[in-house]
Amino acid sequence: MPEGDTVRQAARRLHDALAGRVLVRSDLRVPRFAMTDLTGRSVLEVTARGKHLLTRIEGGLTLHSHLRMDGSWRIFAPGQRWNGGPAHQVRAVLANAERTAVGYRLPVLELIRTEDEEDRAVGHLGPDLLGPDWDADIALANLGKDPDRELGEALLDQRNLAGIGNVFKSELCFLLNVTPWLPVGELPADRMAGLPELARKLLEFNRDRPVRNTTGRRGQDLYVYGRARRPCLRCGTPIRVAEQGDGSRERPTYWCPVCQPGPAPDSASPRARRGTAR
């Protein structure tokens, strides 16, 4: 699942394959830009901003893409067979003489003016956990603006701090010893103060790792995410899972009912009402 760490890795792979080279092929397979031809232009750089990818191209243009749940960029050598999915899922092709970058299932793909429109695309984001603009104090202030909001939802809001997805949300709440349904304002002050840097530490630890790890243990990579009904690594209680979200964007959320006291669904069914974990 693409989050700040994996998006940063994707940006680095794209930068290494494309930056400083002239495009010999471009194919943007979205109606608005289907007739756009970028061949003959050089790719200047590829960078990440939170979970957004910005491919900056000669002539003041930026190709803005977002992977969301299952989008991906794949890199291929000349003559290598593309293997990221069926052809109808290809949304973008950028090629130079040495490498071809193919974007699959990209839900967001737009060509914008670098100077005038990048801010519209990513200017709403909070401090980037892996970026040069990181500011823990601003992130903390952003999180505290709505004390009644569920912590898990606040962490996923990229306007507060950019780069956390569903995996890190669940893992952070475990490390904070509270459920993701706890209102932000009820998080103990010492844990609230340390939350931004704890989040940054987790993403920094994983920015170069092919397999995400939050435990520091080999073979036991995650504390709770994806471990429903398996024993908690700390206390042995079966991990639970339920949906968290506003109905239109519910996401599976994992927690230990013993190590993480606080509000939680009454049952582990996807549409369960909130109650109190015991």
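Four strands, arranged in the order 2-3-4-8 and paired in antiparallel fashion, make up an open sheet, where a strand is a DSSP run of E with at least two residues, a helix is a run of H or I with at least four, and both are numbered from the N terminus. Strand 2 (43–49) and strand 8 (108–113) stand at the edges with a single partner strand each, so one side of each is left without a neighbour in the sheet. From one strand to the next, the twist averages 20°; angles here run from 0 to 180 degrees between N-to-C directions, along axes fitted as lines to C-alpha atoms, for helices over the stretch in contact. The model is a predicted one, in which local features need pLDDT of at least 70 and side-chain atom pairs count only at pLDDT 80 or more, while totals for chains, interfaces and linings use all residues. Residues are numbered from 1 along each chain as its sequence is written, and side-chain values use heavy atoms, with hydrogens and water left out.

Strands of a sheet pair through backbone hydrogen bonds, and the pairing can be parallel or antiparallel. In this description, two strands pair if DSSP finds at least two bridges between them. Strand 4 and strand 8 run antiparallel and are joined by 6 bridges, and Ser65 stands opposite Leu109 in strand 8. Helix 1 packs on this sheet by touching strand 2 and strand 3, and its direction makes about 175° with that of strand 2; contact means heavy atoms within 4.5 Å. Helix 2 (residues 114–122) also packs on the sheet, touching strand 2, strand 3, strand 4 and strand 8, with a direction at about 145° to that of strand 8.

Thr55 lies in strand 3, which covers residues 52–57. Thr55 counts as buried because its relative accessibility is 2%, and the cut-offs are under 20% relative accessible area for buried, over 50% for exposed and in between for partly exposed, with a 1.4 Å probe and protein chains only. When its neighbours within four places in sequence are left aside, Thr55 is in contact with Val43, Glu45, Val46, Leu61, Thr62, Leu63 and Leu94.

Another open sheet of 4 strands has the order 1-6-7-5, again with antiparallel pairing. Its edges are strand 1 (25–28) and strand 5 (72–76), each of which has a single partner strand, so one side of each is left without a neighbour in the sheet. The twist in this sheet averages 20° from one strand to the next. Ser26 and Leu28 make up the covered face of strand 1, whereas Arg25 and Asp27 make up the uncovered one. Helix 1 (residues 4–18) lies across strand 5, strand 6 (90–95) and strand 7, at about 35° to strand 5.

The pockets come next. Rolling a probe the size of a water molecule over the atoms shows where empty space is left. The largest pocket has a volume of about 720 Å³, and it is lined by 26 residues, with Lys51, Leu156, Gln158, Arg249 and Arg251 lying nearest its centre. Strand 4 (61–66) and helix 4 (151–156) each supply at least two residues of this lining. On a 1 Å grid over the protein atoms alone, a cavity is a set of points where a 1.4 Å probe fits but cannot get out, whereas a pocket is an open set with protein on both sides within 12 Å along at least five of seven lines, and lining residues have an atom within 4 Å of a point. Grid points are joined across faces, edges and corners, and a volume is the space filled by probe spheres set on the points.

The second largest pocket holds about 160 Å³ of space. Its lining takes its largest share, 5 residues, from helix 1, and among the lining residues are Pro2, Leu67, Trp73 and Arg74.
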